[in-house]
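Please look over the sequence and the model shown here before reading on.

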Amino acid sequence: MFEGFMQTSMIARAREKGLISANLVNFREYATDRHRTVDDTPYGGGGGMVLKPEPLFRAVDDLTQGSPRPPILLMSPQGETYTQKKAEELAQHSRLIILCGHYEGFDERIREHLATKEISIGDYVLTGGELPAMILIDSISRLVPGVLGNETSAVTDSFSTGLLEYPQYTRPADFRGLKVPEVLLSGHHAKIEKWRREQSLLRTWQRRPDLLEKVPLTEEDRRFLKKLSD
């Protein structure tokens, strides 16, 4: 599943340039029985299978041998909800280990004594942690200098400023009577920045008003939002 993701688009180019690297580890290789067993039935009964602690602990021990342990992230619907701010925090680390399973769950000892943080990508359940892990890899990699062609892209994306991104337009200026706002054609940078800020505020107010409670707002921002509410 990871191979296709790693070999296409931005991630592939970043790996080719040596900007990021990824080491895919199958913890089944760290099982010691002849069947390479990594899961078992839960104590106390119940459906599904639970990932055993031994293979994961051995895998992490091997990966971190002789070096300080980096953050060890466990993909779990019980974890802290993933946000752009969290991506920016994780991008500051030179190395990360992401644990993702494909089973009923993890032995609790993995949560308590191996993982340093549990992360959830939302309030829903997937078949496994592979897709959430790819989301982390993608969102963190694009924050590494040089990965994006335009370094300002990551800064102006939705959520990077705490607000949703303003509307974007490109050529032609008039498509089937649908025209690009005049201010964007004016060449007046201060007016363009003001329009973009107001559009970000408007879009956030319309679609994600909860975000406005967490964003530092200027007096001008507050006056604009008050006009929307009046």
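Contact, as the word is used throughout, means heavy atoms within 4.5 Å, and helices (H or I, at least four residues) and strands (E, at least two) are DSSP runs, numbered from the N terminus. This is a predicted model, in which local features need pLDDT of at least 70 and side-chain atom pairs count only at pLDDT 80 or more, while totals for chains, interfaces and linings use all residues. Residues are numbered from 1 along each chain as its sequence is written, and side-chain values use heavy atoms, with hydrogens and water left out.

The protein chain is assigned domain 1 (1-143) and domain 2 (161-229), the bounds coming from an automatic or database domain assignment. The C-alpha centres of domain 1 and domain 2 lie 37 Å apart.

Leucine 114 is placed in the loop between H5 and strand S6 (117-120), and it counts as buried because its relative accessibility is 3%. From leucine 114 to leucine 99, 15 residues apart along the chain, the separation of the C-alpha atoms is 9.9 Å.

Which residues have the most contacts inside the largest nonpolar core? That core, where a nonpolar core is a set of buried Ala, Val, Leu, Ile, Met, Phe, Trp, Tyr and Cys residues joined through side-chain atoms within 4.5 Å, has 21 residues, and the ones in question are Ile11, Tyr82, Ile119 and Leu136. Two or more residues are given to this core by each of helix H1 (2-6), helix H2 (9-16), strand S3 (72-81), helix H4 (84-90) and helix H6 (130-141), with the largest share, five residues, coming from H6. A second, separate core has 16 residues, including Val38, Leu56, Phe106 and Ile110. Returning to isoleucine 119, its contacts beyond four places in sequence are Leu73, Leu74, Met75, Ser76, Gly79, Glu80, Tyr82, Leu90 and Leu136.

Helix H6 also holds serine 141, which counts as buried because its relative accessibility is 5%. Apart from neighbours within four places in sequence, serine 141 is in contact with Ile11, Ile20 and Val147.

Next comes the open space. On a 1 Å grid over the protein atoms alone, a pocket is an open set of points where a 1.4 Å probe fits, with protein on both sides within 12 Å along at least five of seven lines, and lining residues have an atom within 4 Å of a point. The largest pocket has a volume of about 1200 Å³, where grid points are joined across faces, edges and corners and the volume is the space filled by probe spheres set on the points. Of the 37 residues that line this pocket, Asn23, Leu24, Leu96, Ile98 and Ile137 are the closest to its centre. By class, the lining has 25 nonpolar, eight polar and four charged residues, with Ala, Val, Leu, Ile, Met, Phe, Trp, Tyr, Cys and Pro counted as nonpolar, Asp, Glu, Lys and Arg as charged, and the others, Gly among them, as polar.

Some backbone details deserve attention as well. Serine 9, found in helix H2, has a phi near 55°, a positive value in a residue other than glycine, and serine 9 counts as exposed because its relative accessibility is 52%. Arginine 176, in the loop between S7 and strand S8 (178-179), likewise has a positive phi, of about 55°, although it is not a glycine, and at 76% relative accessibility arginine 176 counts as exposed. The peptide bond from arginine 171 to proline 172 is cis, with omega near 5°, and proline 172 is placed in the loop between helix H7 (152-156) and strand S7 (174-175).

Finally, threonine 204 has its place in helix H9 (residues 189-207) and counts as buried because its relative accessibility is 0%. Beyond its neighbours within four places in sequence, threonine 204 is in contact with Leu163, Leu164, Pro209, Leu211 and Leu212.

Note on methods
Buried means under 20% relative accessible area, exposed over 50%, partly exposed in between (1.4 Å probe, protein chains only).
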